Amino acid sequence: MTTTEVLHEGRWLRLLKRGRWEYAERTNPGGAVIIIALTDTDKILFVEQWREPIQAKTIEMPAGLIGDIAGSHDESAILAAERELLEETGYRAAHIDYLTEGPSSAGMSNEVIAFVRARGLVREHAGGGDNTEDIIVHEVPRADASHWLIGKMREGYSIDPKLFAGLYFLEHGETLFR
C-alpha cells in the first residue's frame, strides 16, 4: 500500500504525493461549477478576469467553487451556480439544469467540475464579482461566440478550452443529458 504524503496545506488546495504522483486536492467539499448562461435574446454570458496562476486575462463562462462559503459544505452545484451567476454577472436564472460533471485535469487534480445550463435570465445588477474580484461581463450572440472567442485569443487572452465544451453542451445538451 502506497502512503499519501501531504506536501503543503493551503486554504483551498492541498498538495499531495502518492508514489510517483504529485497532485493537488481541492479542500472544498463540492468541486466547481461552470454555468452555461443564455439570455432570452440568445446571448451567451462570458466573464473576463485576471488569473494569477497563469499571469493573464482570461475569458471564461461564469463559474465558481461549490461549498466554499462557511456553513455551505452541503451546497449543491445548482445552488452554487445560482449564487455565482448572480455574483459574477448580475443575472438571476429562473431555471438551472444540471448537465454533467467530470475531472478538470485528471492527471493534476482531484477537482470535479459540473456543467449547468442557466435559462430565463433576469438582470438584477451589473455583476463584477465579490470584493476580491474584478470581473467584466460580456454578452455575446450565440451565433458569433466561437469567432468572438478566437478573436479574444488572438488579442492575447487565455481562453479556457472548456468553453468550447460548454458551447457544444448548449447546442446538444438536452439530447445528450436527458
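Guide: Asp 42 sits in the loop between strand 4 (32–37) and strand 5 (43–51). The model is predicted. The phi angle of Asp 42 is near 65°, a positive value in a residue other than glycine. Is Asp 42 buried, partly exposed or exposed? Its relative accessible area is 35%.

Now follow the chain through strand 5. The loop between strand 5 and strand 6 (56–60) holds Gln 55. Gln 55 is not a glycine either, yet its phi is positive, at about 55°. Its relative accessibility is 48%, and Gln 55 is therefore partly exposed.

Next comes the loop between strand 7 (63–65) and helix 1 (77–89), where Glu 75 is found. Which class does Glu 75 fall in, buried or exposed? Its relative accessibility is 15%. That is under the 20% cut-off, so Glu 75 counts as buried. Its side chain has polar partners. A polar atom of that side chain lies 2.8 Å from the backbone nitrogen of Gly 67. The side chain of Glu 75 also makes a polar contact of 2.9 Å with the side chain of Arg 83. Set aside the neighbours within four places in sequence, and Glu 75 is in contact with Leu 65, Ile 66, Gly 67, Asp 68, Ala 80 and Arg 83.

Thr 132 has a relative accessible area of 66%. This is over 50%, so Thr 132 is exposed. The side chains of Thr 132 and Asp 130 are joined by a polar contact of 2.6 Å.

Strand 10 carries Val 137. Val 137 has a relative accessibility of 22% and counts as partly exposed. What does Val 137 touch, beyond residues up to four places away in sequence? The list is Phe 46, Glu 88, Thr 89, Ala 126 and Gly 128. Gly 127 is 10 residues from Val 137 along the chain, and their C-alpha atoms are separated by 7.2 Å.

Step back to the whole chain. It has three helices and 11 strands. From the N terminus, the order is β-β-β-β-β-β-β-α-β-β-β-α-β-α. The radius of gyration is 17 Å, close to the 16 Å from the globule rule for 178 residues, so the chain is as compact as a globular protein of that length. Along the principal axes, the C-alpha atoms fill a box of roughly 55 × 35 × 35 Å.

Of the 178 residues, 39% are buried. Take the contacts between residues at least 6 apart in sequence: 59% of them join residues at least 24 apart. The chain exposes about 10,200 Å², and carbon and sulfur atoms supply 52% of that area.

Terms used: Residues are numbered from 1 along each chain as its sequence is written. This is a predicted model: local features need pLDDT of at least 70, side-chain atom pairs count only at pLDDT 80 or more; totals for chains, interfaces and linings use all residues. Side-chain values use heavy atoms; hydrogens and water are left out. Helices (H or I, at least four residues) and strands (E, at least two) are DSSP runs, numbered from the N terminus. The radius of gyration is taken over C-alpha atoms; the globule rule is 2.2 Å times the number of residues to the power 0.38. Buried means under 20% relative accessible area, exposed over 50%, partly exposed in between (1.4 Å probe, protein chains only). Contact means heavy atoms within 4.5 Å. Accessible areas come from the Shrake-Rupley method with a 1.4 Å probe; for residues, only the protein chains shown count as cover. A polar contact is a pair of N or O atoms within 3.5 Å; within protein, one must be able to donate a hydrogen and the other to accept it, and residues adjacent in sequence count only if both atoms are side-chain atoms.
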